[in-house]
Amino acid sequence: PTGGLKPYCSGANVHRTFSNGHRDRSRGHGFTTHYLMTRSKIINMETVIVILAILAGVIGIAGSILPGLPGTPFSWIGLLLLYIWGPEEIQLKTLIIWGVVVLIVSVVDYVVPMYFTKVTGGSRYAERGAMAGLIIGIIFTPIGMILGSFLGSFLSEMYWGKKGAADALKAAFGSFLGFITGTGLKTIVAVLIMWKIIVFAF
């Protein structure tokens, strides 16, 4: 006899208890799933940023050697991507320092070839010939680029500059020296920035 009292473990109570436990487990499972999905999205985003940063670094190195491609500024963009969204924290000071280095190298790359060309008696024909020879020499990279730049400058001074072989050779040497100096500095900086990108990415 129950004395008029309903047993606690009635069908309704059992169903209610089971339902509450099921909802609690569902909430826990939903929270875990949401956390894992959010974490997965963050990891995927970081992976994309790392790939883009490395790609920018590679383009920066290639652009330091090949004409028509962005050089060290593109390398710096790779660092900027990691600074904003990368997995590792990069200090603002590091970003600014490399930005200044890129700016200085870009100015030097513009001024030095003109200076060497002018000092050795070269003209705009030497500069244009060096660029044309460089483009043609890409087919035979890397030796073809170096020889192409030198021969392009030499032949341009002889044909369009109306200079003798000795003067054209001197002008070609100046143009070539300026090209090597500017390209060398850009390549060194681009490689160093690429190393920084790898360090901060991994």
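**Close-up views of a predicted model**

**Figure 1. A nonpolar patch on the surface.** Met 45, Tyr 83, Ile 84, Trp 85, Leu 92, Ile 96, Val 100 and Ile 104 together make up a nonpolar surface patch with about 760 Å² of accessible area. Helices α2 and α3 are the elements that contribute two or more residues to the patch, and the largest share, 4 residues, comes from α3. Val 100 is a residue of helix α3 and counts as partly exposed, with a relative accessibility of 43%. As in every view that follows, the coordinates belong to a predicted model.

**Figure 2. The largest nonpolar core.** This core comprises 16 residues, of which Leu 79, Leu 82, Val 189, Ile 193 and Ile 197 touch the most other members. At least two core residues are supplied by each of α1 (11-65), α2, α3 and α6. Helix α6 gives the most, with 5 residues. Ile 197 is shown with its partners beyond four places in sequence: Ala 53, Ile 54, Gly 57, Ser 75, Gly 78, Leu 79 and Leu 82.

Figure 3. Leu 82 belongs to helix α2, which spans residues 72-85. With a relative accessibility of 1%, Leu 82 counts as buried, because the limit for that class is under 20%. Apart from neighbours within four places in sequence, the contacts of Leu 82 are Ile 49, Val 50, Ala 53, Pro 87, Glu 88, Ile 90, Ile 197, Phe 200 and Ala 201. One of these contacts, Phe 200, is 118 residues from Leu 82 along the chain, yet the two C-alpha atoms are separated by 7.4 Å. Leu 82 is also among the core members that touch the most others.

**Figure 4. The surroundings of Thr 72.** Thr 72 lies in helix α2 and is buried, its relative accessible area being 2%. When neighbours within four places in sequence are set aside, Thr 72 is in contact with Gly 60, Ser 64, Val 102, Ser 106, Lys 186, Val 189 and Ala 190. Among these partners, Val 189 is one of the core residues with the most contacts to other members, while Lys 186 takes part in a salt bridge with Asp 109. Between Thr 72 and Ala 62, which are 10 residues apart in sequence, the C-alpha to C-alpha distance is 9.4 Å.

**Figure 5. The salt bridge between Asp 109 and Lys 186.** Side chains of opposite charge can pair when their charged atoms come close. In the pair formed by Asp 109 and Lys 186, the closest N and O atoms are 3.3 Å apart. Asp 109 is located in helix α3 (residues 92-119) and Lys 186 in helix α6 (residues 165-201), so the bridge ties together parts that are 77 residues apart in sequence. Asp 109 is partly exposed, at a relative accessible area of 23%, whereas Lys 186 is buried at 15%.

**Figure 6. The salt bridge between Glu 157 and Lys 163.** The whole structure contains 2 salt bridges according to the search; this view shows the one that joins Glu 157 to Lys 163, with 3.4 Å between the closest N and O atoms. Glu 157 counts as buried, with a relative accessibility of 0%. Lys 163, by contrast, is partly exposed, with a relative accessible area of 24%.

How values were computed: Residues are numbered from 1 along each chain as its sequence is written. This is a predicted model: local features need pLDDT of at least 70, side-chain atom pairs count only at pLDDT 80 or more; totals for chains, interfaces and linings use all residues. Side-chain values use heavy atoms; hydrogens and water are left out. A salt bridge is a side-chain nitrogen of Lys or Arg within 4 Å of a carboxyl oxygen of Asp or Glu. Buried means under 20% relative accessible area, exposed over 50%, partly exposed in between (1.4 Å probe, protein chains only). Contact means heavy atoms within 4.5 Å. Patches are made of residues with over 30% relative accessible area and no salt bridge: like charges are joined within 9 Å, nonpolar side chains (Val, Leu, Ile, Met, Phe, Trp, Tyr) within 5 Å. Accessible areas come from the Shrake-Rupley method with a 1.4 Å probe; for residues, only the protein chains shown count as cover. A nonpolar core is a set of buried Ala, Val, Leu, Ile, Met, Phe, Trp, Tyr and Cys residues joined through side-chain atoms within 4.5 Å.
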